[in-house]
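The sequence and model come next.

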Amino acid sequence: MHTISFFIKALAAFLCVVVSASTLLAAPSSEEIKKAAVEIDTLLAAHWKSAGLKPNNLISDETFVRRIYLDLAGRIPTATETRAFLDSKQPDKRAALINDLLSRESYVSHFYNFWADILRLKSHFVNTANVVPAAYAKWIKESLRANKPYDQFVREMLSARGFAWDNGAVGYYLRDPEMPLDNMALTTRVFLGTRIECAQCHDHPFDKWKQTEFYHLAAYTYGNKGVHEAFGGARDAIRERERVILDDFKREKAASKDGGKAAEERKKERMDAMEYRKIVGIIKGPVGQLLSPIALERKADAVLKLPFDFKQADGKPGDVMGPRPLFGTAPELSTGTDRAEAFARWATSPENPRFTRVIVNRLWKKMFGVALTEPLDDLREGTDGMAPALEARLVKLMIDLRYDMRAFLGVIANTRAYQSAVVPEEFHPGETTWYFTGPLLRRMTAEQVWDSIVALANHEPDARDLARETRDERRIAVSHLVADAYLNFDGNKLVDMAYARLQAEKELEAREREVKEALVVAKRAGDKAKELELRRKEGALDRERGESFVRDFIMPVVTQLAQKKAGPDAKVVVDENYKMNPNPRVMSSETWRRLYVPGYGPAPKTRAQLDADAKAEQQRLASLATKLGYAEKDSASFIAHCERANAEWVRASELDSPAPRGHFLRTMGQSDRDFVENANPNAAIPQALALMNSDLVSTKGVLSPFSPLMNFVNRAATPEARTEAAFLALLSRKPTAAEMATFSKTSASTEDLIYALLNTKQFMFIQ
């Protein structure tokens, strides 16, 4: 573990230099963006001419503003944003809007969802409450926020190691703990567009890859090993005590006259008396899942061999597989070279023909709905795209832009082709040739639907959920605190504390057995009152155990850490506002979450500070109510609406990933994050029901008089103006004369119109 700490310091220094260098790269000017867009359009024009096609018509400003918001910001524009764009007289307002959206937090939110789908990012790993998912998600968002170059983004993931709180990129490998072969198969698919998973078990039946080639590639990262604990000192102390017993045994056996039988018996007795498993359980007990896992380390001596059932002609079971890339020049591996780092450099090199091609296709598909080469993650030798000259130019463009994803998206968005009318036909990979005369007509993703409706219900739809960020920061800080507390505590003393605790634990277990036996008798007798009394005794024993763990382990360990950090008089701060889980069986790990030592995140706020924050927020919202024209008597209701919106109706990127089953997002087809890009784009009856019956689409949400949508609509002076406002807010356009005439003949309210428009295909599709 100490080697990890040392490495992280060096890595942090290195990354600091890299990030600083990358941020110094000047973004391309608007003229350079336009010039590149014209080149793309010229190549597309030649592509269309060869097929006897003409470009689609240029779209209106109304269609453009809705499309560009959905593609770059992940939601429809608010009515105010739509009106501002449509009323603008700026000569180059489309380019200006593209540039503006690429710099917003909404871009970060939207593309976080994009990468969460690809990387199978989950907010919670199975059966754990660990630090890694929080640190990983934070790292991805910060990378997008800083516009980290794509090659650096990937390289940091593929070379990641160290503690999660120092390097959130370790989440990439720890997403598949102890599964290095599966992880490598996914890596090559996601970043190199190469499907080699079949070669994990046998030579690929449909491609050229051999099983030995897969194993050679997997050898680069086979040494990855998750670190799940911080008990090295205690383990060393236990091993030292075992060594003493073994040394005594050797001496006794050498001096024995019975062949060492008595010495063997004596050794066994002493080993049994150590009660190793119970001691380890006591030491780890107060931690729960807070340290599972916390870091990724590299085992330099890890050796990958062909499996026992290997049957191909180019090797035999047990052959050692040294690292070797699938194609291109193999990176040098001198003594001491980190193999994963070498792999990361090879994989992300501009010289790697598939690395750049894949991200070009991903981003092109993000904007057009169809990749230049389909499928983009199953490239094979000689696989040609549907517009080879264009694809080659885009690959060069990405390299010239030094993998600046925002700039690349800006070029695509500025092309006439992107700003052309959609193609309403279906695309069938392998059967259809696509000419990109305009984007494919697409249904919104689950996240785009949710985020668009959030923008109708929440006055600050792009705001970061600072409360959640604080919770995640605390989650990271607590694991850091626990690990450091144990790593800095004397291992021998910890083991002594465990032995002292062992006797008390045995006494507790004896009392528990008595209660359990009495409980069986009470159940058989049907004595409910006695059974209830005994259940309470069980709970009291659980509480006694938890309190003793806190007293005997947590407080001594964390107090010593505080004194090391801040001096002999330092005290551990207890967050009195933390709402502990009342279950006494989790008291130990809950206590850790309640403690604070300076240096491990921000100090918990006092009740007075929290009350002051709440008061300041209410004042801010009251000012917003006044600004939006609400009467003073409605201020409290407006504040209540905003507080609910900010707690529940926030961007999908601010919610758990994926959302829980039954949530609107999952109903609308959000990926379960178990497989790469596993979202379901198909319509279903439950989706229609969700749009009809969700609280978000009701008088509690979108149709509330305090929502931004209804505020905009209700400010209109006439029924016709309210109808126009509803269309503008939901479809980013005014109603046609026919639509206006049809609606005016009905007795429906504006709320009915909004409800109807939300459930139309025009709302659900990106035109």
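## The largest cavity

Strand β2 supplies three residues to the lining of the largest cavity, the largest share. Helices and strands here are DSSP runs numbered from the N terminus, with helices being H or I of at least four residues and strands E of at least two. β2 (224-227), α9 (171-174) and α10 (180-192) each give at least two residues to this lining. The model is predicted, so local features need pLDDT of at least 70 and side-chain atom pairs count only at pLDDT 80 or more, while totals for chains, interfaces and linings use all residues. Residues are numbered from 1 along each chain as its sequence is written, and side-chain values use heavy atoms, with hydrogens and water left out.

The lining has 13 residues, and Tyr173, Asp176, Glu178, Met179 and Asn224 lie nearest the centre of the cavity. A cavity is a set of points on a 1 Å grid over the protein atoms alone where a 1.4 Å probe fits but cannot get out, and lining residues have an atom within 4 Å of a point. The lining divides into six nonpolar, four polar and three charged residues. Nonpolar covers Ala, Val, Leu, Ile, Met, Phe, Trp, Tyr, Cys and Pro, charged covers Asp, Glu, Lys and Arg, and the others, Gly among them, are polar. The largest cavity holds about 100 Å³ of space. A volume is the space filled by probe spheres set on the grid points, which are joined across faces, edges and corners.

## The second largest cavity

Three cavities of 30 Å³ or more are counted. Among the lining residues are Ile118, Leu119, Tyr172, Leu186 and Phe191. By class, the lining has seven nonpolar residues, one polar and one charged.

## Helices α20 and α22

Helix α20 (residues 466-487) packs against helix α22 (residues 528-566) at an angle of about 90°, with the axes 9 Å apart. Axes are lines fitted to C-alpha atoms, for helices over the stretch in contact, and angles run from 0 to 180 degrees between N-to-C directions. The two helices are therefore roughly perpendicular, a term for angles of 65 to 115 degrees.

In contact (heavy atoms within 4.5 Å), Leu481, Asp484, Ala485 and Tyr486 of α20 meet Val557, Val558, Leu561 and Lys565 of α22. These residues divide into six nonpolar, no polar and two charged.

Note on methods. On a 1 Å grid over the protein atoms alone, a cavity is a set of points where a 1.4 Å probe fits but cannot get out, and a pocket is an open set with protein on both sides within 12 Å along at least five of seven lines; lining residues have an atom within 4 Å of a point. Angles under 35 degrees count as roughly parallel, over 145 as roughly antiparallel, 65 to 115 as roughly perpendicular and the rest as oblique.
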